[in-house]
Amino acid sequence: MDLLSLFPEWVLVHGPAAIVVLPLMFGALVALSPSEKLSWATTWIVTGLSGLMSLGLLLQVISHGPIGYAMGGWKPPLGIAYSVDALNAPILLLISVVAFICTIYALPSVVAEVGPKKRSTFYAVFLLSFAGLMGMVATADAFNVFVFLEISSISTYALVAMGSSRDRRALPSSFNYLIMGSIGATFFVIGIGFLYMQTGTLNMMDMARVLQDIGPGDRVVQLAFAFIVIGLGLKLAMFPLHTWLPTAYAYAPSFFTAFLAATATKAALYLLMRFTFTVFDPSWDFISTALMVIIAGLGTIGMLAASLQAIFQSDIRRVLAFSSVAQVGYILLGIGMATTLGLTAGYLHILNHAVMKGALFLAVGAFWYRFGITKVSDMRGLGKTMPWTMAGFTIAGLSLIGVPGTVGFVSKLALVQAAAENGWWWAIGVIVVSSVLAIVYVGRMIEQAYFQPVPKINDRYIKRNEAPLMMLIPLWTLALASVAFGINSHWPMSLAQGAAQVLNDGPILLIRETMPAIPAIPSTGGH
Amino acid sequence: MFEFLTSFSPAFILIAAGVLAGFIPSSSISSHLRKVLLVGAPALALVLINTIYFSQNESTYLGGSMSFANIELTTLRIDSLSIIWGYIFCVAGILNGIFALHEKCKITDTSALIYTGAGIGAVFAGDLITLFIFWEILALSSVFIVWRGGPKSYPAGMRYLAMHILSGVLLLAGLVIYGRATGSYAFNNIGIDAPGGWLILLAFGIKAGFPFLHNWMQDAYPRSSVTGTVILSVFTTKLAIYTLARGYAGTEILIYIGAVMTVFPVFFAVLENDLRKVLSYSLNNQLGYMVCGIGIGTQLALNGAAAHMVVHILYKSLLFMSMGAVLHRVGTIKASELGGLFRSMPYTAVFCIIGAAAISAVPFFSGFVAKSMILAAVFEGGYFVVFAMLLFASAGVLEHSGIKVPYFTFFAHDSGKRVKEAPWNMLAAMGITAFLCIYLAIPGPYGGMQYLYNLLPSEVAGAAKFNPYTASHVIFQMQLIMAAMFAFALLKRYGLYPAERRAQILDFDWTYRRLGLALVKWVSAIWTRLGAFATYKLKNFFSNIGRRMYQVFSPAGTFSQDAPSGIAAVMISGMLVAVLLVVYFL
């Protein structure tokens, strides 16, 4: 049966805009909602609908090629264009599905972690943040990217700060993130400004076309590239620019941490690929040098340094946060190779890492929810006191190490193959060393949970106290997904190959084929 | 149903049985069910292998194909080389199961089944990726068996695991390089000249106990439980022999590695007091013969290695089983505390002596029919130095496994220990194994030698018609045995007498021997001290590194201090400058 035929036509035509506008609109409505249950339900439905629409868009892209959309009927390059192709459709689906799954978890978790009066606002801001991420990914307009980047960032600062009901350290970490994030966004917009100055257009495909005429020798274009790489590098936690990330992940509300870890850096990584490969031209000398030296170089340094740092952390959430920085390093390494195999591996790891890191942070939130556990040393005996949660944590943890049969193995193997094809033997060495470090920091937690005795209170062992079902279901969905896609990796692999294809084709194809294909809103459209 | 079972590798049945055994509760009734699985699953696998292979006419059966990360895997390849390993692994699995019937330990049963399954799966792996997966399962499942040996086994198990994970990593690295360079992951002859060939050889070498890579064996095996050591001694090392035979047959360096492997454990085995450790050394030494045979790589040599592998599994299991039975009843396996046990454990003593005779290659015991094949191949190849080393090692084996083990346990001075005979299931397992040890060496239409020889991988004229029972072979072997026994008696005699009496006899030969022994002891003592010193220095070195790393990377370390936003902003600008430099000038 053809899944695509189940989607009404308007989804496929207006989907690119709807997935952004819907959460944005309901974000405003939810802020006014009187009941937190209602807010939660609305959020859940909105994210669910976005997920369905993203799925429809992805299927449409797979079977019929890229979808364009001209916002408000203004044709590009003058108007704002949205475009969904094989590169961003999987990311859209990833963000919305993770948001949907995490929202299930939010109901018990938010009650425990966020003050009663802030809860409706919390959901409203979450929807804004979600809309921002979707917008960043869906839009084909460079300035529009900046707008949505700011929408998602500012709402993220607010959400991190809301963790202060649980831990006051959320406030300084949110402030720190605010400062650094704003610098990053400013750098990004300066880069866009330079590009606009040189090309006179903001539409990405048009920009790429004009840039081809200008050529690689232009100093302003090179300057713009540097600003954009640093600006996005901050957002995606490229190694020395990652300092905002550990504290922000550690003290934000658990549910949001899981969402953030799974999606936020991924959206920025997508933008990095989009700009480097399809707006600029990877065959230009300065781009290919920067890819090898900056992107791959910093990626590998990050893999080692952040993994080492993760080993020494005492807070579980910080261990996982540093591990995220290391995993971003894997992805950057794949992107930096700039070969089909490398890009496929990097893109695959974007999807896979989101699944496993999401599951890990959900489990950590459940540990806190039941026992207030945030430290590795407090995980003693969790294998007995919270067996199901811990089992989910363990599966995702093994995947993080890269045990065969899990998604982590699939993408690491792909990355090793890509490095071998490139002749980057040092990179294989770094991957192996960093995997060994991952064994240490994940093993440390698993060892505590399964091989240490259950702690006693007043001479009595702590009783089993499993997380509520609403936490277990999302956790296990992600954990099982990490095994299912690890055993049968055909589908994510084909998505990653499609995305790598788009990146490989570079800027030229986008101009020739996608631009004319952008339809105006049909005159009989429902407006 | 049966067609379904034959459509994939029997390894999966064993692994599934292992997982199932893990879920069977440990009450006494349901533990019987687990024991049925423990014995039944390898038996079923044996039948399946036979059915799969002989239900078709090809000499190589390929099946169980799977697709994994866009690579086609062949999980089941049965051909004339792998089937003999498959058979003996299943038989060993059954025997181990019988030997462990009395034991109520869920972890051992589960791990043993998974371990057996992984061994069989790896032997039937048609490509390097499948091999790698089973390689890792093998390592992971076996370490739990090591850990069942009590508190002292935990660090040994960790060291064991570290070596095997290293082996897995090397294999993975090697196979990726090899696969990329040749475009195929099929597991056939690799050779050291192939890209990645050295890495893969090193990975196999760790499991096979190459010199300097062997320590995990003598470290972990003696510390495992009564049943654990018996199980462990079968699969890991013999799988390595299979992979060497498959990938590196005829690689000349293996001849010398094998020769060194046969010789060096002899010295340690003679000095060692823990009898299961003695057997572990002799296991290592026996592997040396097989590695040597593979290195020569002629049809006769490969057949010899395969035959030696089969009989070796049987008699080594038998020896480990008898020592296990002694440990089970007496509670210790130190040569200095045993003795005179033939009174209380007569059957075990007889079985142990049969095993000892088999390992010593006494004619009409199984070691004879295999070892003479390898020796003949070495001789035909013209490697006379190697031949001499193997001869010396044969004498050494006789000394420590053939005589020392049974002598100190069951005879020697009476330790005064009076214990019960081993449990019935242990006796049954030992009995069957002992029967096989003799049966496989009996020539003629009623003996088992023909079956063993028919199974051998290369069906060339020379191999099938190889006759170990020629007068020269038998006389040669008997001379060797007599000489070794004489030497043992002589040494034993001097060991009994006080030193001053010895000093009155002025015999050059005796001085030489005493000096030699003293030298060996001195080297061993210095070696131990050097080892301790090196360990101490290394520990210091690593703790220094650990401290430095802690200072840098820990939450309190320089690296993790929360930089004020101002400094962070400066750093971001610095990064911008760095990127600009790269973009502008590189």
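Chain B and chain A bury about 3,700 Å² between them, and 77% of that area is on carbon and sulfur atoms. The model is predicted. On the chain A side, 46 residues take part in the contact, and on the chain B side 34 residues do. There are zero salt bridges between chain B and chain A. Polar contact between chain B and chain A comes to two residue pairs, both at pLDDT 80 or more.

On chain B, the elements that give two or more residues to the side touching chain A are α7 (153–182), α22 (508–553) and α23 (565–585). The largest share of this side of chain B, twelve residues, comes from α23(B). The residue classes on the side of chain B that touches chain A are 27 nonpolar, five polar and two charged.

Helix α14 of chain B covers residues 346–359 and helix α16 of chain B covers residues 384–410; their axes come within 9 Å and cross at roughly 170 degrees. Angles over 145 degrees count as roughly antiparallel, and α14(B) and α16(B) are therefore roughly antiparallel to each other.

From α14(B), the residues that meet α16(B) are T348(B), A349(B), C352(B), I353(B), A356(B) and I359(B). Their counterparts in α16(B) are V397(B), S401(B), G402(B), V405(B), P406(B) and F410(B).

The table sets out the residue classes for the two contacts described above.

| Side of chain B that touches chain A | 27 residues | five residues | two residues |

Salt bridges are found elsewhere in the model. Over all chains, a search of the whole structure finds nine salt bridges. In chain A, the side chains of R119(A) and E36(A) meet in a salt bridge, with an N to O distance of 3.0 Å. R119(A) lies in helix α4 of chain A (residues 119–138) and E36(A) in helix α2 of chain A (residues 36–64), so the pair ties together parts that are 83 residues apart in sequence.

Note on methods: Residues are numbered from 1 along each chain as its sequence is written. Chains are lettered from A and ligands numbered from 1 in the order in which they are written. This is a predicted model: local features need pLDDT of at least 70, side-chain atom pairs count only at pLDDT 80 or more; totals for chains, interfaces and linings use all residues. Side-chain values use heavy atoms; hydrogens and water are left out. Contact means heavy atoms within 4.5 Å. Buried area is the accessible area (1.4 Å probe) that two parts lose on being put together, summed over both. A salt bridge is a side-chain nitrogen of Lys or Arg within 4 Å of a carboxyl oxygen of Asp or Glu. A polar contact is a pair of N or O atoms within 3.5 Å; within protein, one must be able to donate a hydrogen and the other to accept it, and residues adjacent in sequence count only if both atoms are side-chain atoms. Helices (H or I, at least four residues) and strands (E, at least two) are DSSP runs, numbered from the N terminus. Ala, Val, Leu, Ile, Met, Phe, Trp, Tyr, Cys and Pro count as nonpolar, Asp, Glu, Lys and Arg as charged, and the others, Gly among them, as polar. Axes are lines fitted to C-alpha atoms, for helices over the stretch in contact, and angles run from 0 to 180 degrees between N-to-C directions. Angles under 35 degrees count as roughly parallel, over 145 as roughly antiparallel, 65 to 115 as roughly perpendicular and the rest as oblique.
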